[in-house]
Amino acid sequence: MRFSGLRVLREGLTGNKGWAPHWRDAEPKAEYDAIIIGGGGHGLSTAYYLAKNHGMTNIAVLEKGYIGGGNVGRNTTIVRANYMQPGNSEFYSHSLKLWEGMEQDLNYNAMHSQRGIINLCHSDGQRDAFARRGNMMIAQGDDAELLDREGVRKYLPYLDFDNVRFPIYGGLLHRRGGTARHDAVAWGYARGASDRGVDIIQQCEVTGIDIENGQVRGVQTTRGAIKAKKVGIVVAGRSGQVAAMAGMRLPIESHILQAFVTEGIKPVIDHVVSFGMGHFYISQSDKGGLVFGGDLDFYASYASRGNMPMMEHVMEAGMTLMPMIGKAKVLRSWGGIMDMTPDGSPIIDKTDTEGLFIDCGWCYGGFKAVPGSGFSFAHLMGTGNHHAPAARFRLDRFRTGRGIMDEEATGSQHNLH
Amino acid sequence: MRIDGKGLIDRSKPLSFSFDGKSYRGFAGDTVASALLANEVKLMGRSFKYHRPRGALTAGSEEPNALITVGKGAQQDPNVRATVQELYEGLVTRSQNAWPSLDFDVMAVNDLAAPFLGAGFYYKTFMWPKKFWEAVYEPIIRNAAGLGALGGATNEDDYERAYAYCDLLVIGAGPTGLMAALTAARSGADVILADEDAVMGGRLNAETGKIGHQSGAAWAAEVLAELGAMDNVRLMTRTTVTGAYDGGMYGALERVNHHTGKRGGGAPMETFWRISTKQAILAAGAIERPVAFRNNDRPGIMTASAVRSYLNRWGVSPGKSVTVFGNNDDAHRTALDLSAAGVRVAALIDSRHDAAIEGADFPVYTGAEVCNTGGRKELESITIRTTSGEQSIQTDCLAMSGGWNPTVHLTCHMNGRPTWRPDIQAFVPTEGMIPDMTVAGACNGTFSTHGCLQDGAEAAKTALAALGKKPADVALPEAEDAPYTLSPLWAVAGKGRAWLDFQNDVSVKDVKQAATENFRSVEHMKRYTTQGMATDQGKNSNVGALAVLADATGRGIPETGTTTFRPPYSPVAIAAMGAGAQGKGFAPQRMTTSHKASLRMNAPMIEAGLWYRPSYFPKSGETNWRQSCDREVGYVRNAVGVCDVSTLGKIDIQGPDAAALLDFCYTNMFSTLKEGRVRYGLMLREDGYVLDDGTCARLGENHYVMTTTTAAAGLVMRHLDFVTQCLHPEWQVSFTSVTEQWAQFAVAGPKSRELLNRLLETEIDNESWPFMACGPAKISGVDGRLFRISFSGEHAYEVAVPARYGAALFDLLVERANQMGGGAYGMEALNVLRIEKGFLTHAEIEGRATAFDIGMQGMMSQKKDFIGKTMAARPGLVDEDRPQLVGLKPVGAVKKLTAGAQLYPQGADAVANNLEGHISSVGFSPDVGTFIGMGFLKRGRDRMGEVIRMVDHVRGLETDVEVCNTVFVDQEGERVRG
Amino acid sequence: MRIECPICGSRDRREFYYQGAAVALDRPAPDAGEAAWDSYVHLRENPAGETRDLWHHEGGCGSWLVVTRDTVTHAVHKVELASDVKGAMS
């Protein structure tokens, strides 16, 4: 069924009786050409692009819970292409371009809104670092503008410019950055993949990966064994456990990242704004809630819930930066499980097992990567070759030290991002 | 309508307040909702999506409809529950999310378009043309969305955060919580009893049943008086426990001054508490659930218990002719209480055919359902469906009850899922969901007063046993022990829209449509319809919606599962949880001993981590910072300059294995350093990248003083702790940070020794104190330390004295320097001086640089192991293609360099694929006469003399630059030894 | 979240810095080879369940601690001084 304003009108006039499932719930078949483990944003987009770009339609997405139940539905919905390190820069640039055509491509309104992102800086050194980042963004073909203090004031007059611990020196404006309705991205890809023949199988947990003579043969699941020529692991938050089924140890620690949303209020924040002297980033959803987050809770965890110290730290940052939001009330907090790699950048690669591929390590940047990751991972799975924009996301870069993408300059060892 | 003789309000204290500009009267003890109902105002708000007229649904914090705005400007507080906001004299409130008025709201047109605005409609449209989303559709949606508005002004109110500790936290002060607290308190436990209400007692204040010989409210007051007099008890009223966290930590919000509206006087508006407890008892009660039927949302329709609360606690009847509709015996009480109070009960409708009620002096319909209602801005009639057909009843208030949902929320905060109990058709907490928490009373599915009292006492005994305390004997008072029976009733069949989530306008149809569209998982349904995502977090609608979904998908309720409740229990202001951080409070402020002197000299202070440091010291006649900076550079190059360098980390290291520690932490050797000498050292992280650099002085055989950069002081301290505890606990070495204990000043320039010799007890010369010498020195009578080190390439010293002498010494040094044609210099000059000499800061060693990159591969000792040695040898870290540190000077038409600019080969387009490096630091060198800089360039060390392109896209600057040595001044390095 | 420091007693999580898996105690010899070092610095068991990790009582006594805890429930089972654990390893 094609969605359109006319369709909404017609259904409205006829009692909304004609709506159909957005995607099919399929029963597992005995064998597929390819299996995607993980029905999150990345897994669903991988399936979609495998079908669309590589003509592979005899494929299944296996999801242990419900699709989109992981980080794709638990983030602060920010979409941007403002990376500096070679590797990340071209990948996120490509991903943003996919975002820009996604809704028409999927025929699904994910409310991708390019409302602009402003990263604030609070020292000369930080401003220079932002200039360097902005220069890379432009060199990559994306957009960036360096704002001085007055330039920031023009866009964000509500910030505390006067009596503040870390004065605002300026900011980096990325106009094509913005937000999207996170759940809709997963549903849109699910629908697109399903329409192209992909089997989406919920409540189907993978319990083992079958490997013979270094070649993947299929998977064991809670709904029986399924054979497959190719298997892709796309299970952010559980990457270590699933990779272990194939005898792999990953350069990943799992951490919690909390996020917060307030009660709905009338529009006060038009952009995505981030603080430079403490992790804090905020935007306002179309529904009116302020959506914001901060840093990791900083201890390995699979609990998908956080604790008060980081929660309060995030609120503190909000209060020092924009004290006009003080009376907005936090309605809900939640946590996602982040695959943290040593250098803070992701992995899209083959494994030592023939036919087994892995897409993981998105740290806290996975949402904006949903289209790009699926596109590039599908390319790798479909053709056996790395897709150029993601060609640096190698698993062995830590061992060799080649191509480390340490975006935050905090090292290529664990727990510093 | 106020009812004489009822309620706990103080009728001797009348208060006036306003709502939407109109003045009303109420009494002390009223909430805005009770007072408005007393004034026969039922329309209190508009729903989120369809702007349907709404009144209070409840009498508590779970209220989804009656959201109001209190105050104006910086004090403006949106989305306040009228059912919670206590009245005070002069309270100003107004409705929200309606234009031009609550009574006539233009946006109510949405309700007419409802067929087109059902669940998830926006995912299916607004996609064409593409640009219209940001330009047209989204702005319209955004402006229509949202509830109340923030004032827009900077917060001016005080908020606070505090810690509290106890043996036992009792959450909720109804019969269960009171009995639990009393039992535990009499047994000697340190107890905190917290309740969100202004008056403790819970339902006891809203019911007519007796405890022993007295009213429930009187019993509660008696218990509270006893508890209040005990030293081991803290009663926290108006305090909502908002979250359960790990290790017995609970978050709680105390609303300190919302009930007075007073500002100032030291008391905050709110305090956010972090409560650390050994044991907890959840006695949070239960919340009555509505029934879904057509038009069940009209003002005047509320839960049956809310009607009882208004009647018994506030002496208000929400209607003159009330109807009651329920599926359980509990709802009958509402009809009986109203009737006893003299309010006309038009009908009691019970969906159960076998329902029995004693003493009813009003019409009773059993086996009947309410299937529609009439009236728009307030309820006028209901339609009931009985076995004999439909009939209409005139009524202005309908009390409804679909049964009770235990308040399980806190027990779900650690990911636990509650358990379905078919006998009460409700979820109850699963045991052990929160460690060290006992659940008791109504929130555990025990609904009679007697049962609650007993549960509370038992829970206290469980907690006391865990605390190792013997429970005191507390007699259980007599109370009603009525059984709770109901038969499930979630949604009354029929056409039209039957509301589940009142605020978000989610109807039974929406949930069914979601299921049709394959949003069959409860999480999918919630996200697709937005049910449960309103300000009540689904407290009123979750179970009902779940039941409808279960029905639509042909599953049972337990199989369908629940969504998770997440903190906070009820919304908490950002200002409360972030209290204290506004303005300068976000981070500590560290000041050096020369801070005041710098301010006196009008130096603009800049933030360096947590420290403040002077940027430059302006002199009269100077019109920009560059003039000051050039002058200060000149002091150091030509005379003598003084600079406070106390912010650098200083770590005092002593012990027989001090040298071993340093050899292991630095890439180069320190065991070979002679006593009385200083050496520059480079430290790596274990991943092989540069961690920090600095000097380290050997003061004695087993005594070193390490200097770190300002930024890395804490990091290095932690690193040393790690090495000595986790890798080499056998080493005999101790160290401590002495950053604050010593004030340290650089005295730099050709006249530096001359200046110092006028202050030192023992004069020095080049033989007694050569370059890189160090040792104790008495300066102006104070025992200090003298280091001959230089960050400017000039003949220079750093002199350290105990911090208490810092201010005096700085003044003295600056005064003497002034007399010698020099003076104080700040960060700007310091930066130029170090760039002229190619010295590094964190602009260069920014976390991604290797020793190879910065040309210090020769400092990596081959003779020993050290942290980072192995990983630094990874092929990728010593690749010849890596960007290498070089000096840069402009040779194009534009004579300016900028930090952050990119480096490209001549003739290459400034695009990512051609990028070869970037500029890390720049400064204007008075010596060289132009801007100079440092940067990282691919194979840079082999490209000396090459002219390349600098492009700064974001600053619109481009020029040609020549690659050169990083040392611009005194390349032979003679001055430093002079 | 609270951690029982063997020296200071039960303290709020805010006082502690988290480092990561206690594998960090087992530093390979410089010549242990690429695989051993890759394993030490990068690869992790990353268990969903009981784990041992290192915390630094930075806002207290400065002790490094080996904490045995559960990454799913956040329950803390045991806290030891890292120097004791390391001492017992050699």
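These legends describe close-up views of a predicted model.

The model is predicted, so local features need pLDDT of at least 70 and side-chain atom pairs count only at pLDDT 80 or more, while totals for chains, interfaces and linings use all residues. Residues are numbered from 1 along each chain as its sequence is written, chains are lettered from A and ligands numbered from 1 in the order in which they are written, and side-chain values use heavy atoms, with hydrogens and water left out.

**View 1. Helix α4 of chain A, residues 124-139.** Helices are DSSP runs of H or I with at least four residues, strands are runs of E with at least two, and both are numbered from the N terminus. The expected span of a helix is 1.5 Å times one less than its number of residues. For the 16 residues of α4(A) this gives 22 Å, and the end C-alpha atoms are 22 Å apart, which agrees. Buried residues of α4(A) include A:Phe130, A:Arg132, A:Arg133, A:Met136 and A:Met137; buried means under 20% relative accessible area, exposed over 50%, and partly exposed in between, with a 1.4 Å probe and protein chains only. A:Gly141, with a positive phi near 95°, follows α4(A).

**View 2. Helices α2 (residues 41-54) and α6 (residues 182-195) of chain A.** Two packed helices are described by the angle between their axes and the distance between the axes. Axes are lines fitted to C-alpha atoms, for helices over the stretch in contact, and angles run from 0 to 180 degrees between N-to-C directions. The axes of α2(A) and α6(A) come within 8 Å and cross at roughly 30°. The two helices are therefore roughly parallel to each other, a term for angles under 35 degrees; over 145 is roughly antiparallel, 65 to 115 roughly perpendicular, and the rest oblique. α2(A) passes α6(A) in a left-handed crossing. Residues making the contact include A:Leu44, A:Tyr48 and A:Tyr49 of α2(A) and A:Ala186, A:Tyr189 and A:Ala193 of α6(A); contact means heavy atoms within 4.5 Å.

**View 3. Helices α4 (residues 175-186) and α8 (residues 449-467) of chain B.** Here the axes come within 7 Å and cross at roughly 35°.

**View 4. Two cis peptide bonds in chain B.** The bond from B:Trp99 to B:Pro100 is cis, with omega near 0°. B:Pro100 is found in the loop between β7 (91-94) and α2 (109-112). The bond from B:Pro567 to B:Pro568 is also cis, with omega near 0°. B:Pro568 lies in the loop between α12 (557-560) and β31 (572-573).

**View 5. A:Met111 and A:Ala409, non-glycine residues with positive phi.** The phi of A:Met111 is about 55°. A:Met111 sits in the loop between α3 (88-106) and β4 (117-121) of chain A, and is buried, with a relative accessible area of 9%. For A:Ala409 the phi is about 60°. A:Ala409 is in the segment after α10 (397-400) of chain A and counts as buried at 16% relative accessibility.

Conventions:
Left-handed = near helix turned anticlockwise from the far one by under 90°.
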